[in-house]
Amino acid sequence: MYSWGRFLIILLARETKKRFNMRKSFFCYLCLAAVQISALFFASSCRKSSPEGVGNMRICFPDDMYEAALSYADLPDTNDFILDIRDSEGAPVYSGAYGDSPEVLSLSAGSYTVSVMSGEFSRPAFSAPQYGDRQCVVVPTDGTVNVKLNCVQINAGIRLRISPEFLTAFPDGVLFVSSSDGRLMYGYSEKRIAYFNPGPVSVVLNDGADSRTLFTRTLDSKEILTVDIKVSDSMSGQQDGGISVSVDTTRIWTDEDYVIGGETGNKGDEMSDAMSVSQARANIGEEDVWVCGYIVGGDLTRSSMSFSPPFSSATNLAIAARSSVSSRESCIAVSLPGGELREKISLADHPENLGRRVYFKGDIVESYFSLVGIKNVTECVLK
């Protein structure tokens with residue numbers, strides 16, 4: 001009896017110990033797992049909170065910005081310029097007045113877009129030039145990138161100088177300058193520049209019940225067009241029509257004569273009296289006329305073109321009012337006929353022609369590759 005009872009006690013003790021050890025092992029396992037998970041979480045948290053690298057961005061305007069702009073007095077205080085900085089995903093880093101921005105910004109290493117504007121501009125207005133700049137910069141790890149905001153005029157302007165003879169010929173006439181964004185009445189004594197967004201701008205004469213567009217010019221950013229409005233009788237039929245361009249490091253000033261009653265002249269009949277790119281746009285339908293411009297690109301499609309070599313198409317190219325143009329909308333498309341002329345002028349065969357002044361004789365058409373174009377070209381002269 002004693003032996004049997006002792007056996008049962010020993011058996012019970014062993015079973016109890018076994019279960020205790022199992023619980024102990026399981027508990028230890030849970031503790032070990034918890035420690036490992038905590039370690040992983042802590043390491044992950046460190047990786048997320050620790051940046052890949054940090055650098056600095058310092059933004060300023062050139063010291064000689066105002067000295068270079070002494071030829072005009074309408075450049076606003078740069079402290080009031082609107083500064084906008086965004087990261088590579090477009091998220092804003094800073095948006096506000098330049099004068100309120102930090103002298104040095106500490107940012108995560110990477111690329112950023114920095115843009116600045118002197119003010120908002122959406123509708124035509126007098127004495128309202130808009131200046132700005134836009135740059136893509138890279139902030140280096142443990143380094144500093146210095147950004148100099150080289151502001152230039154973004155919008156375009158037009159100024160009319162009305163001759164006394166015009167007042168005599170059209171005593172009830174009213175002149176307007178107009179674009180798709182709106183229009184401004186231009187008084188006879190008006191001296192200010194009317195500013196517009198780049199694009200077509202028209203001068204309209206309203207003479208009582210009759211209203212007609214005198215001319216349309218496509219203005220580029222930085223361009224200030226001054227037009228002398230004259231009457232053909234007082235000018236004895238003279239039509240100058242020449243355009244002179246002078247650059248003052250910031251804006252391009254263009255002078256042009258417009259003679260009312262002289263619209264039916266023979267502009268473009270001779271190479272020496274070739275139409276400019278703007279004049280060609282205003283004379284769609286003219287045939288066998290000379291047009292002058294600068295070769296700026298090629299490989300045209302209905303939505304794009306190339307402004308730098310290499311070029312693959314020998315059948316077309318684009319010309320513009322200036323050799324520095326890089327906007328498709330500022331160009332005229334030219335169809336190059338096969339033969340000697342194409343071999344002489346095409347950018348596919350002669351990329352060195354890029355930027356050269358050229359004269360074409362042909363027909364001005366409304367659309368060629370969705371641009372005003374020159375087709376049926378019979379003559380071409382490179383300068």
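The charged end of arginine 183 sits over the ring of phenylalanine 176, 3.9 Å from its centre. Such a placement requires CZ of Arg or NZ of Lys within 6 Å of the ring centre and within 35 degrees of the ring normal. The model is predicted: local features need pLDDT of at least 70, side-chain atom pairs count only at pLDDT 80 or more, and totals for chains, interfaces and linings use all residues. Residues are numbered from 1 along each chain as its sequence is written, and side-chain values use heavy atoms, with hydrogens and water left out.

Now the whole chain. The protein chain has four helices and 23 strands. These are DSSP runs, numbered from the N terminus: helices are H or I with at least four residues, strands are E with at least two. Of the 383 residues in the protein chain, 42% are buried. Buried means under 20% relative accessible area, exposed means over 50%, and partly exposed lies in between, for a 1.4 Å probe and protein chains only. The accessible surface comes to about 21300 Å², and carbon and sulfur atoms hold 52% of it. Areas come from the Shrake-Rupley method with a 1.4 Å probe; for residues, only the protein chains shown count as cover. Among contacts with a separation of 6 or more, 62% join residues 24 or more positions apart. A contact here is heavy atoms within 4.5 Å.

Next, the aromatic rings. The structure holds four aromatic pairs. One of them joins phenylalanine 61 and phenylalanine 81: the centres are 5.4 Å apart and the planes stand at 80 degrees, so the pair is edge-to-face. Rings of Phe, Tyr and Trp (its six-membered ring) pair if their centres lie within 6.5 Å; planes under 30 degrees apart are stacked, over 60 edge-to-face, and the rest tilted. Both phenylalanine 61 and phenylalanine 81 lie in the loop between strand E1 (54-60) and strand E2 (82-87), so the pair ties together parts that are 20 residues apart in sequence. Phenylalanine 61 is buried at 9% relative accessible area. Phenylalanine 81 is buried too, at 0%. Phe61, Phe81 and Tyr98 form one aromatic cluster.

Three strands form an open sheet in the order E4-E1-E8, with mixed pairing. Strand E4 (104-108) and strand E8 (144-148) are the edges, each pairing on one side only. On average, neighbouring strands of this sheet are turned by 30 degrees against each other, direction ignored. E1 and E8 run parallel over five bridges. Two strands pair if DSSP finds at least two bridges between them. Isoleucine 59 stands opposite valine 147 in E8.

Further along, consider serine 163. Serine 163 lies in the loop between strand E10 (156-162) and helix H2 (164-169). Serine 163 is buried, with a relative accessible area of 11%. Leaving out residues up to four places away in sequence, serine 163 touches Ile229, Lys230 and Val231.

The last stop is strand E20. Strand E20 (residues 316-320) is mostly covered: five of its five residues are buried. Asn316, Ala318 and Ala320 point one way from E20, Leu317 and Ile319 the other way. E20 pairs with strand E19 (residues 289-298) in the antiparallel sense over four bridges. There, glycine 297 stands opposite alanine 318. E20 also pairs with strand E21 (residues 332-335), again antiparallel over four bridges. In that pairing, leucine 317 stands opposite valine 334.

Note on methods:
Axes fitted to C-alpha atoms, helices over the stretch in contact; angles between N-to-C directions.
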